[in-house]
Amino acid sequence: MTARVSNRRPALGRGLGALLGGAPPSGSAPAEPSAEAAGVYEIPIDRIDPNPDQPRRRFDAAQLESLTESILRHGVLQPVVVRRTGERYELLVGERRWRAARLAGRTSVPAVVADVAPRDRLELALIENVQRHDLNPIELGLAFHALADAGHTQEEIGRRVGLDRSTVANLIRLLELPRELQEDVESGRLSAGHAKALLQVSNPERRRWLRDRVVAEELSVRAAELLAREASGPPARPRPRKAPAASDPNLTQVVDALRDALKTQVRLVGAPARGRIEIEYFGPEDLQRVVRRILEGR
């Protein structure tokens with residue numbers, strides 16, 4: 001039994017129409033599309049494969065569950081977009097709807113069949129996701145990097161997705177961060193502005209210190225930028241010192257506890273019987289923060 005096609009007009013978003021060209025699915029008759037829903041066909045879900053160039057890497061479980069419940073109550077109100085690949089179809093736009101429809105137990109989804117070249121798959125999926133604000137900064141950076149590798153300039157990429165060249169360049173730069181910090185951005189623990197501030201700090205240890213400060217104290221982007229400028233300066237000239245006292249297991253635990261409490265680098269210098277504690281700070285404001293932490297613990 002063929003499911004009824006929704007009478008809603010397909011809403012594909014600005015910029016998508018230039019890449020789409022409707023075509024009826026081979027071997028499948030339309031389910032009496034109306035004048036408003038012309039070109040929308042019911043296609044079996046198990047004949048649709050996901051887009052290999054899908055820029056989105058994370059699908060929020062709560063949002064997917066909410067969409068599934070909506071589809072159970074109201075059906076799929078907006079068609080997905082697919083392209084033919086032999087006897088099957090490749091998803092171009094609407095992967096979240098396709099996933100939720102499967103979870104809702106549907107056997108088919110309304111779809112627009114588009115005549116899109118493989119080289120345009122990434123651009124089409126990217127435009128759709130950008131318009132819906134569905135991609136995190138790292139996903140955008142990866143997609144823009146892939147388009148740049150395909151020969152597009154940053155200016156061209158910006159024009160197609162409605163962003164200026166500097167924004168495109170900054171998002172691509174985020175890929176210079178180590179993977180663990182990229183995951184912070186993807187999960188929302190760090191914003192793109194915080195990540196950009198971290199890029200100012202080349203020293204891995206100082207960068208990790210700044211990251212921990214931002215997350216633990218929920219610092220603003222402006223505060224992170226100020227600390228980043230201070231932390232990116234040349235390190236202080238090391239003093240001659242005796243062997244570290246932290247070789248003693250008990251003292252190692254003390255150092256770890258101090259580092260965790262003060263959110264900065266701490267060293268014990270000297271011998272287990274006698275030595276000194278060195279606490280690192282970056283600028284006057286950070287010194288005040290460290291002092292406050294120490295005095296609060298008295």
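**Notes on helix packing in the predicted model**

1. Start with the pair α1 and α2. In this predicted model, the axes of helix α1 (residues 61-74) and helix α2 (residues 95-103) cross at roughly 65° and come within 8 Å. The crossing of α1 past α2 is right-handed.

2. Who makes the contact? On the α1 side, the residues are Q63, L64, L67, T68 and I71. α2 contributes R96, R97, R99, A100, A101 and L103. By class, this contact of α1 with α2 has six nonpolar residues, three charged and two polar.

3. Now helix α9, residues 204-217. Its 14 residues reach 20 Å from the first C-alpha to the last. That is close to the 20 Å expected at 1.5 Å a residue.

4. Which residues of α9 are buried? They are R206, R207, W209, L210, R211, R213 and V214.

5. Check both ends of α9. At its start, a side-chain oxygen of N203 comes to within 2.9 Å of the backbone nitrogen of E205. Just after α9, E218 has a positive phi of about 50°.

6. Finally, the chain as a whole. The protein chain holds 12 helices and seven strands. Of its 298 residues, 40% count as buried. Take the contacts between residues at least 6 apart in sequence: 71% of them join residues at least 24 apart.

Note on methods: Residues numbered from 1 in each chain as written. Predicted model: local features only at pLDDT ≥ 70, side-chain atom pairs only at ≥ 80, totals over all residues. Heavy atoms only, no water. Axes fitted to C-alpha atoms, helices over the stretch in contact; angles between N-to-C directions. Helix = DSSP H or I, 4+ residues; strand = E, 2+ residues; numbered from the N terminus. Left-handed = near helix turned anticlockwise from the far one by under 90°. Contact = heavy atoms within 4.5 Å. Nonpolar A, V, L, I, M, F, W, Y, C, P; charged D, E, K, R; others polar. Expected span 1.5 Å × (residues − 1). Buried < 20%, exposed > 50% of the residue type's maximum accessible area, 1.4 Å probe, protein only. Polar contact = N/O pair within 3.5 Å; in protein donor to acceptor, adjacent residues only side chain to side chain.
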